[in-house]
Amino acid sequence: MQELDWNAFYEQCGRCTECRLAQNRTNIVIGAGVPDTEVMFIGEGPGEQEDLKGEPFVGRGGQLLDKMLAAVGLSRKHNIYIANIVKCRPPNNRDPLPDEQESCIKWLKMQVSLIKPKIIVCLGRVAACRIIDEGYKVTKQHGEFIEKGGVLMMGTFHPAALLRNPGLKPAAFADLIGLRDKIEKVCEKTKLVY
Ligand code: URA
C-alpha cells in the first residue's frame, strides 16, 4: 500500500468513483473525529443524513451514539475517530454489497494505517463481519475483545438496531463501559472527557 499523509488521503478518497455507489452520492462520507486517536469506531455506510452532510453518524442513530459515548467520556470532538466500511450511501440504506465493500475497503485500511488505533470498535454486523471475523454474531459476541494484528477489536450493536429495539440499550451501554475500562488499561494518551 502506498504511503499517504492525511491531506493526500482526503484528496484521493474524496474523488473516488470506483464503484456504483459514487454515482448517486451528494457527499462522500470519509470520517470524522480526532485523527491522532487510539480508539476508532467503524460503522457500515452513510445513511441519508450522512450523505447530505458529508459526516458519519449524524442522523438519529448518530445522535444516540454520541449521547452514549459522552456518558463514558468519549466523543468525536475529543478522543475518537469514526469511519465506515463504505464511504458512499447505499441506495435505500441497503447493506453495502460485497463488491462495493471490496472496492472501498482500501480507504478504510489507509485510515487505519494513518491512525494506528489500539482499539477498533465495530458498530453492527456488517462492520464486525468485515473487520473482526466473517462469522461474527453480534448478539452472542458483542462486548468481547479479540486481538487481531496487534489491535484490540470489539463488536457492539449498531445504533440503528438500538433505535429499533431499545431493549438492547443496557447491553450496548455495558459494552461501552467495558470499552472505557479497556481504554483505561491500554491507552496511554486517551483522556476521557465528561
Ligand atoms: N449508519 C452507519 O453505519 N454509518 C453512518 O455513518 C450512519 C449510519
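**A first tour**

Reply: From the N terminus on, the chain's elements run α-β-β-α-α-β-α-β-α-α-β-β-α-α. Helices (H or I, at least four residues) and strands (E, at least two) are DSSP runs, numbered from the N terminus. This is a predicted model: local features need pLDDT of at least 70, side-chain atom pairs count only at pLDDT 80 or more, and totals for chains, interfaces and linings use all residues. Residues are numbered from 1 along each chain as its sequence is written, and side-chain values use heavy atoms, with hydrogens and water left out.

Me: How many helices and strands does the chain have?
Reply: Eight helices and six strands.

Me: What share of the residues is buried?
Reply: Buried residues make up 48% of the 194 in the chain. Buried means under 20% relative accessible area, exposed over 50%, partly exposed in between (1.4 Å probe, protein chains only).

Me: Next, α1. Which of its residues are buried?
Reply: Trp-6, Phe-9 and Cys-13 are buried in α1, which covers residues 6–14. They sit on the same side of α1, because they cover an arc of only 60 degrees around the axis. That arc is taken from the directions from the helix axis to the C-beta atoms.

Me: What do they pack against?
Reply: The buried residues of α1 pack against β3 (81–84) and α4 (98–115).

Me: And what caps the N-terminal end of α1?
Reply: Asp-5 does: one of its side-chain oxygens lies 3.2 Å from the backbone nitrogen of Asn-7.

Me: Switching to the ligand. Which residues surround it?
Reply: Gly-43, Glu-44, Gly-45, Glu-50, Pro-56, Phe-57, Asn-84 and His-158. A residue is near a molecule if one of its heavy atoms lies within 4 Å of it.

Me: Last one, Glu-55. Where is it found?
Reply: Glu-55 is in the loop between α2 (48–53) and α3 (60–71). It counts as partly exposed because its relative accessibility is 30%.

Definitions and conventions. Contact = heavy atoms within 4.5 Å. Polar contact = N/O pair within 3.5 Å; in protein donor to acceptor, adjacent residues only side chain to side chain.
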